[in-house]
Amino acid sequence: GPLSERPLMEVRLGELHTWISTCNFSPQGLLGAVQRAWSSYCAKYIHVKQGGPAGISMLLAGSCLLSYGWNYQHFKRHRWRKYH
């Protein structure tokens, strides 16, 4: 199919620049990309017949990492004050 309709994992390294230039970076396009990513995540890990705890645990681990990343500067300053 056309390059713009291929998912990222199917794009070759030489075609990456062309594929990125075909992406829609408007707010509506970004929102559509987030919705597609969320629905594919749910289809793969959440809405399965014999699912395990993998999907939910990945979601929780990702939220923990994101929270740590947001608060990293606060943690770093607290560590400096605590021991020095």
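Trainee: How many helices and strands does the protein have, and how do you know?
Mentor: The protein has 4 helices and 0 strands. Helices (H or I, at least four residues) and strands (E, at least two) are DSSP runs, numbered from the N terminus. From that end on, the elements run α-α-α-α. This is a predicted model, where local features need pLDDT of at least 70, side-chain atom pairs count only at pLDDT 80 or more, and totals for chains, interfaces and linings use all residues. Residues are numbered from 1 along each chain as its sequence is written, and side-chain values use heavy atoms, with hydrogens and water left out.

Trainee: What is the reach of α2 set against?
Mentor: Helix α2, residues 27-46, has 20 residues and reaches 27 Å from its first C-alpha to its last.

Trainee: Why is Met58 called partly exposed?
Mentor: Buried means under 20% relative accessible area, exposed over 50%, and partly exposed in between (1.4 Å probe, protein chains only). Met58 has 42%, so Met58 is partly exposed. Its place is in helix α3.

Trainee: Which residues does Met58 touch?
Mentor: Met58 touches Tyr41 and Tyr45, not counting residues up to four places away in sequence. Contact means heavy atoms within 4.5 Å. The C-alpha atoms of Met58 and Tyr45 are separated by 9.2 Å, and the two are 13 residues apart along the chain.

Trainee: Which residues of α2 are buried?
Mentor: They are Gly29, Gly32, Tyr41 and Cys42, and they pack against α3 (54-70). Of the 84 residues of the protein, 10% count as buried.

Trainee: What does UniProt list for residues 54-72?
Mentor: An unreviewed UniProt entry lists them as "transmembrane region"; such annotations may be inferred rather than shown by experiment. In the model, this stretch is 95% helix and 0% strand.

Note on methods: The expected span of a helix is 1.5 Å times one less than its number of residues.
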